[in-house]
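Keep the 3D view open while you read.

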Amino acid sequence: ALVAWVVLLLLFSARLPAAEGELTVRDIRVEGLQRIAEGTVFNYLPVNIGDRLDVQRVQEALRAVYATGFFKDVEFRWDNGTLVIAVAERPSIESFTITGNKDIKTEDLKESLSKIGLKSGRIFSRSVLDEVEQSLTDQYFGRGKYAAHVKTEVEDLPDNKVKIAVKITEGDRAKIR
């Protein structure tokens, strides 16, 4: 993504008129949306029709759209006065299962994981899985189960969705002799 961003900036700056150093936006088009509304992108985009763009404004706009967390890739292109924003949405979580838990009820685990961001319908991010594994491990450590191990598996599904399986191996409770 970083390489694409640098290449985009180089291409974009190469197309700027030398005399002006900026372009005027006559139209904005968003490509690649599946679940997210075009208006949502426009709400986060700090560029409007009629604005003049230079390399700095393009960088700001690119960062703003990417910072929403909705997209795994964002690309800006220029097409005869039209700013084209090509996006690739992050997948949404269709469902998730928890197996192997005996010491903590599934409902309690789902409630705590919902607070972290693991919930059906939410946007999926790999960083959430790291938080899930750490949170569950901490919960089991707090109950004296220091051999607990949490593993997550992600299955890609059609329509840009994922299914997550959380597999827990609790191990024995620690004892003092």
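## Glu89 and its neighbours

Leaving aside residues up to four places away in sequence, Glu89 touches Gly32, Leu33, Gln34, Arg35, Ile36, Phe70, Phe71, Lys72 and Asn160; a touch, or contact, means heavy atoms within 4.5 Å. You'll find Glu89 in strand S5. Its relative accessible area is 3%, so Glu89 is buried (buried means under 20% relative accessible area, exposed over 50%, partly exposed in between, with a 1.4 Å probe and protein chains only). A polar atom of the Glu89 side chain sits 3.1 Å from the backbone nitrogen of Arg35.

A word on the ground rules: this is a predicted model, where local features need pLDDT of at least 70 and side-chain atom pairs count only at pLDDT 80 or more, while totals for chains, interfaces and linings use all residues. Residues are numbered from 1 along each chain as its sequence is written, and side-chain values use heavy atoms, with hydrogens and water left out.

## The chain as a whole

The protein chain has five helices and eight strands; helices (H or I, at least four residues) and strands (E, at least two) are DSSP runs, numbered from the N terminus. Along the sequence the pattern reads α-β-β-α-β-α-β-β-β-α-α-β-β. Of its 177 residues, 37% count as buried. Take the contacts with a separation of 6 or more: 60% of them come from residues 24 or more positions apart.

The largest nonpolar core has 21 residues, and Leu45, Phe71, Val74, Phe76, Leu83 and Ile85 touch the most other members. By nonpolar core we mean a set of buried Ala, Val, Leu, Ile, Met, Phe, Trp, Tyr and Cys residues joined through side-chain atoms within 4.5 Å. At least two residues of this core come from each of strand S2 (27-31), helix H3 (55-66), strand S4 (71-79) and strand S5 (82-89).

There's also a second, separate core of 19 residues, with Ile104, Leu109, Leu113 and Val150 among them.

## Aromatic rings

How many aromatic pairs does the count come to? It comes to three, where rings of Phe, Tyr and Trp (its six-membered ring) pair if their centres lie within 6.5 Å, with planes under 30 degrees apart counted as stacked, over 60 as edge-to-face and the rest as tilted. One of them is Tyr44 with Phe70, edge-to-face at 6.0 Å centre to centre and 80° between the planes. This pair links distant parts of the chain, 26 residues apart: Tyr44 is in helix H2 (residues 38-44) and Phe70 in the loop between H3 and S4.

Phe70 and Phe71 also pair edge-to-face, at 6.2 Å centre to centre with 90° between the planes. Tyr44, Phe70 and Phe71 make up one aromatic cluster. Phe70 and Phe71 are both buried, while Tyr44 counts as partly exposed because its relative accessibility is 44%.

## Helix H4

In helix H4 (residues 106-116), the residues Leu109, Ser112, Leu113 and Ser114 are buried. Their cover includes strand S6 (92-99), helix H5 (126-142) and strand S8 (161-169). After H4 comes Gly117, with a positive phi near 125°.

Note on methods: Polar contact = N/O pair within 3.5 Å; in protein donor to acceptor, adjacent residues only side chain to side chain.
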